[in-house]
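This report describes selected parts of a structure, strand by strand and helix by helix. Please have the sequence and the 3D view open while reading.

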Amino acid sequence: MFKNYFKTALRNLNRHKGYTLINVLGLAVGMASCLLIFMVVRYENSYDKFQPNFNNIYHVITQDKSEDGESYTPGVPYPALEALRQDLPQVKTGALFCNFGCQMAVLDPSGKAIQSKKFVEEQGTFFMDPEFFEVFTYTWLSGSPKVLAKPNAIVLTRSTANRYFGDWKQAIGRSVKMDNDMVYTVEGILEDVPANSDYQITAVASFATLKNNQLYGYTTDWGSTTSNFQVYMLLPSAVKAEAIDQQLKALAKKYYKNEDANKRVNFLRPLSENHFDEQVGNLGNHSTSRSSLTTLSLIAFLIILMACINFVNLSTAQAVGRSKEVGVRKVLGSNRLQLFWQMLGETKVLVVISSILAIFLAWLATPYIKHVISLQEDLHLFTVQTLVFFLLTMITVTLLAGIYPAMILSGFKPVLALKNRINSSTIGGLSLRRVLVVLQFSISQLLIIGTIVAIAQMDFVRHADLGFNKDATLVLDMNNDSITRKKLAAFKQDLLSDAEVKQVSFCNDPPSSNSNWGTNFAYNNQPDENFTLYMKYADESYFETFGLKFLAGQGYAKSDTCTGYVINDCLRKKLHIKSPEDAIGKNFRTGGNPWKKIIGVVKDFNTNSLRETIRPTGIVSLKKVYYRAAIKLSSSNIIRSQEVIQQKWNRYFPEYVYNATFLDKTIEEFYQQESQMALLYKIFAGLAIFISCLGLYGLISFMAVQKTKEVGIRKVLGAKVSSIVFLFSKEFTLLILIAFVIAAPLAWYFMNSWLENFAFRIHIGFGVFAIAILSSIIIAWLSVGYKAIRAAFANPVKSLRTE
Amino acid sequence: MIELKNIFKWVNQGGNRIFLLKDIDLTINEGEFVSIMGPSGSGKSTLLNLIGMLDGFDEGEYNFMGQSVKNLKEKQRSEIYKQNVGFVFQAYHLIDELTVYENIETPLLYKDFKSSERKAMVSDILDRFNFVGKKDLFPNQLSGGQQQLVGIARALISRPKLILADEPTGNLNSKQGEEIMELFTKLNADEGVTIVQVTHSEKNAAYGSRVIHLLDGRMENK
């Protein structure tokens, strides 16, 4: 029985090669997309799950409530660690301090720095105490957490140790010098951290060292918080996070001083939220919003749905051709159920063939995924989970695509079937097919509109006027110690001596940056204002380097400390100063610093990414916090200029790593996630359109066969080719228009809420919708056209004779 | 074997009731070879389908082998049908995707014969019809007469007591037609298979032991 079905199935597929090809291609592309998206979603969900205590680890977050709303910091004040350990003895509390940009110099056995072995760990250098390893679990190849109890001890991961010392087995007992300051002895080796972790630990120094060293700003003051100092808790399974949250509230009142006590609280965030929390962020190299993963999953579902719709459409259309077989089989004694299973079995055969192709396609595409969404490691296609998922997909697709046609086919009345009295109208599936085509077109138009909007917004972001000039600006990471500071002036002179270098400015941050320094401030001899002022610390060349425009006043003269303030127009408005000129000469101060004058007002520039609004900002000179050098180049020979700059750097600062990035690159990275999503939308919208075209082509070829007689009669009656082509196109055009009416408001709603992530955004205009509908119609006509024209040109004598 | 009493069958078309069969009284005994004749649209095929339980009726009484068909459940009806009836069509109605061998085997699949039994039965009938050499051909590789022979072989494979043939020679030339008719006669005489055939041709009708004439859904008394 099974063999008989199987043979019929294969021979049927073989006989209708065209339909088979369309179905197989559609299903394969759909299933491959589904599989790839599953792999991505699964990978993003796997972050840090390898931690044995994953479900019981919590991160202590600091929340500030102010007039501007709530803000969150992943860090806590330094003294909180001891206080939490004391007041919450029932939980294990571990701490980490992550320092970005640490200079690591490898020392030879005699204690001399090896010139070629200078490193900056991109993912940060960590300081931890042994308790951290009771919360998080890592494999120790050598040593144990205990070694981190003593000062000046450092633990490296296997590959870091290999990089530093050639072979990790020889690393124990060797030394590294950090930030040209303290020497650390390697006391332990950790196994490399898996790539799907937001804690990319490479080097861990003992927390005790940090406590003894002013360099990293350790303080017992409860008033200051850095996002780099983070506390994690391992809750025993009997203890509820809510209970700890309650206790943390009480502790906030107990420890925070003055007004902090009223506005600041701590709470626990589960480790499972870590990778997805865009508000607080994480230490990893990328976070992914749950909403974008949901969108992706939805797209996967829509694509597979479209492929199934194709299948249902084509099989019900083909059902007419199969009616005779069904009739014969019924006359030969088959019952409805047996036929149902036979037809479903045929779907299964097709799905299996498609699956093989799908796996092949996915296998081809797998190596590219990691570039599209910038993962650190390759994804693996052949894992138990993906295979189980794929099996489930196969079953779902078989049922989704197979049940309806099988029901229709097995329900044929044998007498009618044998008399050839079954046609598309007796099947009654015509209206259903129309509904399905509309659904399919709605999905593809939804994706088209979504893609156009995403691309337009990303384009807008890339070319938006940020209020300053970001072009050809090289930003060098600098150290800021007393020796460096002494060399700054000479270094700048030397750089400027090159004709290619137009301007050089030392500063803490370029105008737009991901991190900002905030402070309290006062204006015009009043008490402190109740909102935060964002600060840029920069030397006198800052304004020229970045092309900031003065609305009133001017910049300050060269100085190591604050001589006067330059404010942005946003701050001016927020302080209700009538005109920029009115601000000049008014008293101003930040923190508890002495009053100085406002000497300039600059036009607003984007202080953050375009997701955020422009913040009230002040600019002053303060030499001791210059961590960057911004070098404006003439754009003629950028590569040579870079080489020259690096040579000069090595001459002035041989002990430090040269680390330079172009500002426009950095700014583009603000939107990495959005760009990746836009790219993914593009790819999958393309696939969706491809699948719907396949379906349309299949359907129209079927329609051409069905209408052979009608076309023949019409031609005999004198119809022109054009009117016949119109006969075919008008229905689809109408269906597309209906689909558009459904898709357009949905797409507008979804994309509008996506755009709300941006403070600076495009507005979805009529043009987007026009493009979507036009492209849909053109695509449909292209796929319909060939068949329609062929049908129209067919000789009517031939087509009528067969009737 | 077949007992039809006052059978009516109609369809409603635009408010009018059109009768397909009117007041049919017919008894066919086991071992008979009956020919049904009549012009196009007289209800011959409808009657045949009704006898074969492929189609229902609106009024009257139908007993098949002593059982009232009307009162049977779908499942029981199909069971009786499977055990007793073989159909032969004018247009052969072989499954195009299956070979001669597989076409003949198909009814057995629905009757749950074991694979070895099926093999024996099919080889047997292939022998009888001299089709051994053609068993792997597909229907479109055979002539019309050959296809009809396959159709008859397929109808016979499950050893039915009743063969219903709907213009079995309608698509064949006269020589092929004769062969088929002789085969029917032989089956009827040697194996006692009851045969009911619908035909247009007086000559073919003459092969039967009894001829029934239909006109406009009514049996004509002769």
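In the predicted model, Leu476(A) has Ala629(A) of strand β24(A) as its bridge partner. Strands of a sheet pair through backbone hydrogen bonds, and the pairing can be parallel or antiparallel.

**A sheet in chain A**

The two strands are part of an open sheet of 4 strands in chain A, whose order is β15-β24-β14-β25 and whose pairing is antiparallel. The edges are taken by β15 (501-507) and β25 (660-662) of chain A; each has a single partner strand, so one side of each lacks a neighbour in the sheet. From one strand to the next, the twist averages 20°.

Two helices are in contact with these strands. Helix α15 (residues 482-496) of chain A lies across β14, β15 and β24 of chain A, and runs at about 160° to β15(A). Helix α19 (residues 638-652) of chain A packs on the sheet and touches β14, β24 and β25 of chain A, with a direction about 25° from that of β14(A).

**A sheet in chain B**

Chain B also holds an open sheet of 4 strands, in the order β2-β1-β4-β5, with antiparallel pairing. Here β2 (16-28) and β5 (67-68) of chain B stand at the edges, and because each has a single partner strand, one side of each is left without a neighbour in the sheet. Helix α1 (residues 44-51) of chain B packs on this sheet, where it touches β1 (2-13), β2 and β4 of chain B; its direction makes about 125° with that of β1(B). Strand β4 (residues 59-64) of chain B pairs with β5(B) over 2 bridges in the antiparallel sense. Within β5(B), Gln67(B) is the bridge partner of Phe64(B).

**A helix pair in chain A**

How do α2(A) and α21(A) run relative to each other? The axes of helix α2 (residues 17-45) and helix α21 (residues 672-706) of chain A come within 10 Å and cross at roughly 160°. The two helices are therefore roughly antiparallel to each other, and the crossing of α2(A) and α21(A) is left-handed. Residues of α2(A) that meet α21(A) include Tyr19(A), Ile22(A), Leu25(A) and Val29(A). On the α21(A) side, the residues in contact include Phe684(A), Leu687(A), Phe690(A) and Tyr697(A).

**Cysteines**

A disulfide is a covalent bond between the sulfur atoms of two cysteines. The count of disulfides over all chains comes to 0, with a cut-off of 2.5 Å between the sulfur atoms.

| Cysteine | Closest cysteine sulfur | Sulfur distance |
|---|---|---|
| Cys102(A) | Cys98(A) | 8.7 Å |
| Cys570(A) | Cys562(A) | 20 Å |

The distance from Cys102(A) to Cys98(A) is too far for a bond, and so is the distance from Cys570(A) to Cys562(A). Cys102(A) counts as buried because its relative accessibility is 1%. Cys570(A) is buried too, with a relative accessible area of 15%.

**Chain A as a whole**

Chain A has 25 helices and 25 strands. Along the principal axes, its C-alpha atoms fill a box of roughly 100 × 60 × 55 Å. Of the 803 residues in chain A, 55% are buried. Among contacts in chain A between residues at least 6 apart in sequence, 80% join residues at least 24 apart.

Methods
Residues are numbered from 1 along each chain as its sequence is written. Chains are lettered from A and ligands numbered from 1 in the order in which they are written. This is a predicted model: local features need pLDDT of at least 70, side-chain atom pairs count only at pLDDT 80 or more; totals for chains, interfaces and linings use all residues. Side-chain values use heavy atoms; hydrogens and water are left out. Buried means under 20% relative accessible area, exposed over 50%, partly exposed in between (1.4 Å probe, protein chains only). Two strands pair if DSSP finds at least two bridges between them. Axes are lines fitted to C-alpha atoms, for helices over the stretch in contact, and angles run from 0 to 180 degrees between N-to-C directions. Contact means heavy atoms within 4.5 Å. Angles under 35 degrees count as roughly parallel, over 145 as roughly antiparallel, 65 to 115 as roughly perpendicular and the rest as oblique. A crossing is left-handed if the near helix is turned anticlockwise from the far one by less than a right angle, and right-handed if clockwise.
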